[in-house]
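Work through these exercises with the sequence and the 3D view side by side. Try each task before you read its solution.

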Amino acid sequence: EAPDKRNVKELYNLATNPAEHSSLNLVAENPQKASQLGQKIRAHMKDMGTEPDGPWPVGCSAVYNDQCR
């Protein structure tokens, strides 16, 4: 069974950790940046008409408003 990741915060440097290895999670080192990015993501999801806390449409990872309609 997959772990429940709803409350897990993740921040990775994709230039040095493209596979997003959890042992290299940068949240503890950069909590303010993680919070800022999280707020931007939540605002974008709301702008897209998706509730950030789910449920999310299966197979839909929209960047623009018309991609999942």
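## Exercise 1: A residue before the helix

Asn 17 has 4% relative accessibility, so Asn 17 counts as buried. Keep in mind that this is a predicted model.

**Task.** Find where Asn 17 sits along the chain, which residues Asn 17 touches, and which backbone atom its side chain reaches.

**Solution.** 
1. Start with the place. Asn 17 is in the segment before α1.
2. Check the burial. Buried means under 20% relative accessible area.
3. List the contacts. Leaving out residues up to four places away in sequence, Asn 17 touches Tyr 12 and Leu 24.
4. Look at the side chain. The side chain of Asn 17 comes to 3.0 Å from the backbone nitrogen of His 21.

## Exercise 2: The length of the helix

**Task.** Work out what span helix α1 should have at 1.5 Å a residue, and compare it with the distance between its end C-alpha atoms.

**Solution.** 
1. Count the helices. The protein chain has 1 helix and 0 strands.
2. Take the residues. Helix α1 covers residues 31–47, which makes 17 residues.
3. Recall the rule. The expected span is 1.5 Å times one less than the number of residues.
4. Apply the rule. Helix α1 should span 24 Å.
5. Compare. The end C-alpha atoms are 24 Å apart, which agrees.
6. Gly 49 follows α1, and its phi is positive, near 85°.

## Exercise 3: A positive phi

**Task.** Is Glu 20 buried, partly exposed or exposed, and what is its phi?

**Solution.** 
1. Glu 20 belongs to the segment before α1.
2. Classify. Glu 20 has a relative accessible area of 43%, so Glu 20 is partly exposed.
3. Read the backbone angle. Phi of Glu 20 is near 55°, a positive value, and Glu 20 is a residue other than glycine.

## Exercise 4: Pairs across the sequence

**Task.** How far are Lys 33 and Ser 35 from Leu 11, C-alpha to C-alpha?

**Solution.** 
1. Lys 33 lies in helix α1. Ser 35 lies in helix α1 too.
2. Take Lys 33. Lys 33 and Leu 11 are 22 residues apart along the chain, and their C-alpha atoms are separated by 8.7 Å.
3. Take Ser 35. Ser 35 and Leu 11 are 24 residues apart along the chain, with C-alpha atoms separated by 9.8 Å.
4. Lys 33 is partly exposed at 44%. Ser 35 is partly exposed at 37%.
5. Val 8 is in the segment before α1. Val 8 and Val 27 are 19 residues apart in sequence and 9.9 Å apart in space, C-alpha to C-alpha.

## Exercise 5: Arg 42 and its partners

**Task.** Which residues does Arg 42 touch, not counting residues up to four places away in sequence?

**Solution.** 
1. Arg 42 lies in helix α1.
2. Name the partners. Arg 42 touches Pro 52 and Asp 53.
3. Give the distance to Pro 52. The C-alpha atoms of Arg 42 and Pro 52 are separated by 5.6 Å, at 10 residues apart along the chain.
4. Classify. Arg 42 has 37% relative accessibility, so Arg 42 counts as partly exposed.

## Exercise 6: The whole chain

**Task.** What share of the residues in the protein chain is buried, and what share of the accessible surface belongs to carbon and sulfur atoms?

**Solution.** 
1. Buried residues make up 12% of the 69 residues.
2. The accessible surface is about 6100 Å², and 52% belongs to carbon and sulfur atoms.
3. Now the contacts. Among those between residues at least 6 apart in sequence, 2% join residues at least 24 apart.

Key
Residues numbered from 1 in each chain as written. Predicted model: local features only at pLDDT ≥ 70, side-chain atom pairs only at ≥ 80, totals over all residues. Heavy atoms only, no water. Helix = DSSP H or I, 4+ residues; strand = E, 2+ residues; numbered from the N terminus. Buried < 20%, exposed > 50% of the residue type's maximum accessible area, 1.4 Å probe, protein only. Polar contact = N/O pair within 3.5 Å; in protein donor to acceptor, adjacent residues only side chain to side chain. Contact = heavy atoms within 4.5 Å. Areas by Shrake-Rupley, 256 points an atom, 1.4 Å probe, with all protein chains shown as cover.
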